[in-house]
Amino acid sequence: MSSTASPLARPFPTMPAMAGVTVRVARAGYKDWGRCDLTFAELSPGTTVAGVTTTSKCPSPEVEWCRAALSNGRARALVVNAGNANAFTGARGRVAVEAIVARVVGHLGCAPTEVFVASTGVIGTALPVPKAEAGLDAAFIAPPCNWEDAARTIGTTDTFPKGAATSAIIGDTQVNLVGIIKGSGMIAPDMATMLGFIFTDAAVDSAFLQRALADANHASFSCITVDSDTSTSDTVLAFATGKAGNAPLVDAESPGADAFRAALHALCLDLAHLVVRDGEGATKFIRIDVTGAESDRSAHRIGMSIANSPLVKTAIAGEDANWGRVVMAVGKAGEPADRDRLSIRFGTTQVAANGLAVADYDETPVTAHLKGDEIDIGVDLGIGSGRATIWTCDLTHGYISINADYRS
């Protein structure tokens with residue numbers, strides 16, 4: 001993790017301990033760095049699990065393992081490795097995952113399908129099994145750590161540890177939700193971000209937890225982008241220990257289900273925003289609101305086209321009110337649009353309406369808005385009721401510097 005935090009960083013929040021979850025960290029030494037890089041979370045028996053994983057057609061063995069294990073709906077452990085993605089490693093990568101699972105099974109006496117594994121870092125090098133096993137052995141006997149230590153341990157190019165917490169009331173019972181996440185570059189999730197892990201003490205049926213997480217993901221992690229690149233390892237997992245003692249949530253009609261879903265959505269959105277705020281080289285946090293599209297799906301695609309445009313992102317980095325680049329990005333999205341109905345605003349200032357620059361447009365307030373570190377762009381297509389909100393960051397020389405020497 002970088003010693004210099006992003007200018008958009010947020011302090012790590014106060015996060016409660018989670019009944020039924022014990023987290024420990026250790027140093028496996030996946031890279032030549034003087035820090036912990038293996039996280040082990042032990043979960044109480046009966047914990048349910050849900051997850052979403054990358055849409056990449058070149059997924060890591062860890063992603064494939066988690067996909068298969070999710071069908072069991074139960075979890076006893078999570079292992080996260082930082083510094084080596086173990087992706088594009090063929091049979092050697094699968095052997096490494098199986099060795100990690102076997103080590104945890106031997107320690108906990110649980111079923112292999114109750115162990116979840118995630119790895120992040122350089123692609124193309126198999127995870128060294130001796131280091132993984134030694135790291136796990138050290139983690140098994142390490143003292144429990146706090147959430148900030150765990151968040152720091154799962155990071156790679158992250159410049160600050162990321163976490164969020166919230167709660168909900170189910171009947172007469174307060175349930176807690178916490179989450180940690182890592183991600184800074186290779187962020188265009190199309191499902192989730194790099195690696196995110198959510199824990200709750202609520203009692204939640206695994207099938208309902210899966211639906212709730214998928215819905216929350218759709219409106220959060222799938223609405224962010226840093227650089228348009230989707231990772232081979234993207235994984236978000238949610239674990240519910242049931243220790244709060246609430247009446248179990250089994251479907252959308254369960255009392256308190258709406259409150260839980262709202263809390264989960266808010267937590268995921270907080271975590272997603274933290275990833276954008278740590279975008280490699282980022283200096284601006286950008287919100288793009290698209291309205292008046294043919295459909296919500298169309299609005300989302302248009303928003304992503306704007307957010308992923310290097311020309312839009314560099315203009316904002318340079319604090320240049322070049323709204324013509326937004327027009328370009330709308331046009332290239334391949335979605336229904338009418339040039340003569342298109343309207344654009346920067347901040348609260350309308351810069352273009354109905355296909356033309358606003359008469360007597362004064363660029364002064366727009367320039368002032370662009371000098372801030374939180375930028376709002378509004379685009380109205382004027383052809384329907386579809387809408388979407390996308391979050392991204394600017395593109396600076398810092399992004400090139402970080403990624404040009406990532407492996408060194």
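Over the face of which residue does Arg-277 lie? The legends below take up this contact last.

The model is predicted, so local features require pLDDT of at least 70 and side-chain atom pairs count only at pLDDT 80 or more, whereas totals for chains, interfaces and linings use all residues. Residues are numbered from 1 along each chain as its sequence is written, and side-chain values use heavy atoms, with hydrogens and water left out.

**View 1. Phe-116 and Phe-239 form an edge-to-face aromatic pair.** Rings of Phe, Tyr and Trp (its six-membered ring) count as a pair if their centres lie within 6.5 Å, being stacked when the planes are under 30 degrees apart, edge-to-face when over 60 and tilted otherwise; the count by this rule is four aromatic pairs. In this one the centres are 6.1 Å apart, with 75 degrees between the planes. Because Phe-116 lies in strand 5 (residues 115–122) and Phe-239 in strand 9 (residues 235–240), the pair ties together parts that are 123 residues apart in sequence; strands (E, at least two residues) and helices (H or I, at least four) are DSSP runs numbered from the N terminus. Both Phe-116 and Phe-239 are buried, that is, under 20% relative accessible area with a 1.4 Å probe and protein chains only.

**View 2. Trp-147 and Phe-199 form a tilted aromatic pair.** Their ring centres are 5.2 Å apart, with 35 degrees between the planes. Trp-147 is buried at a relative accessible area of 8%, and Phe-199 is buried at 2%. Together with Phe-116 and Phe-239, these residues form one aromatic cluster.

**View 3. Arg-277 lies over the face of Phe-285.** The distance to the ring centre is 4.2 Å, where a charge sits over a ring if NZ of Lys or CZ of Arg is within 6 Å of the ring centre and within 35 degrees of the ring normal.

Terms used. Buried means under 20% relative accessible area, exposed over 50%, partly exposed in between (1.4 Å probe, protein chains only).
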